[in-house]
Amino acid sequence: MFQHQAQVLWNQNLSTDYYRIGLSCPAHYAVAKPGQFIMLGFSGQTDPLLRRPFSIHRLIVSKDKLEGFELLYKVVGKATAIMARQRPGDRVEVLGPLGTGFIIPRTARVVHVVAGGIGVAPLVFLAIQLHAKNFDFSNCRVFIGGRTREDLLCLDEFVRLGLRVETTTDDGSAGDQCLVTHPLEAAVDRHPPDLIVACGPMAMLACVTGIAEKYHVPCQVSIETMMGCGMGACLGCAVEGGAGQDRYLHACLDGPVFDAADLNLVTGNGIIT
Ligand SMILES: Cc1cc2nc3c(=O)[nH]c(=O)nc-3n(C[C@H](O)[C@H](O)[C@H](O)COP(=O)(O)OP(=O)(O)OC[C@H]3O[C@@H](n4cnc5c(N)ncnc54)[C@H](O)[C@@H]3O)c2cc1C
């Protein structure tokens, strides 16, 4: 894990609140794993003082050379508003890659991917990496849920990689009007996959975990807990461990990707928000 000054390569507005930013990076990012994140800050800025965590969305490789990585982000507050104003050539402070990544066992053949809103960011990186390893996606499914049509991101990327995508929205503006966990459970009930991977709001992750438990399917979740330092110093990202774990785990060092059974997502410490 290193800190570097990253150059902004591009910063593209996708819709009202969503952007993609490309950032230059040193060579060690070539081994970054899907699920890992970076902490991004702005030198000379005291407001916001703390760096903010973002999942690596994809690596940018040109002619076999690593040029940088991309983040997919939603503007929700001060730091993300400043991010949205960055222009090519500007510089930001980056610390990373940090945390744990998804681990797809060699024996896994059918993997279902579940994304809620901006939680899709690390899952695209995972799909790209599996595709590069010639993973057979024919029986895999991607379930993407959002409040409204605008929150359904990266559908085309998954389809291009050969994945079948099902979408849901809360308001019915696209896909089925239901929670994303409804089509997930129907699919798991028809044919339990070898693994479920998920990233999104805590309530969604709790529900996905419940489905995985019910059908005895291994499940990995990436949690987007608020985080102060990203390095295990502030302990601000504590989450309640599941049975057999220490009482508290930390999203920055122990996660953000966890075996769902290692967390107490269903009755944990106010995690369902
Ligand atoms: C490991 C990890 C990976 C992440 N990856 C991404 C990503 O790829 N793309 C992306 O857009 N965001 C991601 N996030 C969330 C992102 O870090 C926050 O949106 C960002 O810190 C907000 O900063 P801000 O200064 O703009 O907003 P703030 O001013 O800090 O907050 C604005 C509002 O958003 C709420 N908020 C802030 N952070 C979170 C959070 N983590 N969960 C729930 N509510 C929050 C605050 O309570 C406040 O109401 C990730 C978080 C973690 C922990």
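**Strands, sheets and domains**

Student: Which residue in β7 is the bridge partner of histidine 4?

Tutor: Valine 94 is the bridge partner of histidine 4 in β7. The model is a predicted one, in which local features need pLDDT of at least 70 and side-chain atom pairs count only at pLDDT 80 or more, while totals for chains, interfaces and linings use all residues. Residue numbers start from 1 along each chain, following the sequence as written.

Student: What makes β1 and β7 a pair?

Tutor: Two strands pair if DSSP finds at least two bridges between them. Strand β1 (residues 2-13) and β7 are joined by 6 bridges, and they run antiparallel. The count of 6 meets the rule, so they pair.

Student: How many bridges join β3 to β7?

Tutor: There are 4, and these strands run antiparallel. Within this pair, methionine 39 faces leucine 95 of β7.

Student: Why are these stretches called strands, and how many strands does the protein chain have?

Tutor: A strand is a DSSP run of E with at least two residues, a helix is a run of H or I with at least four, and both are numbered from the N terminus. On that basis the protein chain has 16 strands and 5 helices.

Student: Which strands pair with β6, and over how many bridges?

Tutor: Strand β2 (residues 18-24) is joined to β6 by 7 bridges, antiparallel. In this pair, isoleucine 21 stands opposite leucine 71, and glycine 22 has glutamate 70 as its bridge partner. Strand β5 (residues 58-62) is joined to β6 by 5 bridges, also running antiparallel, with serine 62 partnered by lysine 65. The hairpin of β5 and β6 has 2 residues between the strands, and lysine 63 there takes a positive phi near 50 degrees.

Student: In what order do the strands of the antiparallel sheet stand, and which are the edge strands?

Tutor: The order is β4-β3-β7-β1-β2-β6-β5, an open sheet of 7 strands. Its edge strands are β4 and β5, each of which pairs on one side only. From one strand to the next the twist averages 40 degrees; such angles run from 0 to 180 degrees between N-to-C directions, along lines fitted to C-alpha atoms, for helices over the stretch in contact.

Student: What is the order of the sheet with mixed pairing, and why are β11 and β16 said to stand at the edges?

Tutor: Here 7 strands form an open sheet in the order β11-β10-β9-β8-β12-β13-β16. β11 (176-177) and β16 (257-259) each have a single partner strand, so one side of each is left without a neighbour in the sheet. Strand β10 (residues 164-169) pairs with β11 in the parallel sense over 2 bridges, with threonine 168 opposite aspartate 176.

Student: Which helix packs on this sheet, and which strands does the helix touch?

Tutor: Helix α2 (residues 121-132) touches β8 (111-116), β12 (195-199) and β13 (219-222), and its direction makes about 140 degrees with that of β12. Touching means contact, with C-beta atoms, placed from the backbone, within 7 Å. α2 also lies across β4, β5 and β6, at about 50 degrees to β5.

Student: How is the protein chain divided, and how far apart are the C-alpha centres of the parts?

Tutor: It is divided into domain 1 (2-98) and domain 2 (111-262), with bounds from an automatic or database domain assignment. Their C-alpha centres lie 22 Å apart. The contact takes 18 residues from domain 1 and 17 residues from domain 2. On the domain 1 side, β3 (37-41), β4, β6 and β7 (91-98) each supply at least two residues.

Student: How do you know that the radius of gyration agrees with a compact globule?

Tutor: The globule rule is 2.2 Å times the number of residues to the power 0.38, and the radius is taken over C-alpha atoms. For 273 residues a compact globule would have a value near 19 Å, and the protein chain has 18 Å, so the two agree.

Terms used. Two residues are in contact if their C-beta atoms, placed from the backbone, lie within 7 Å.
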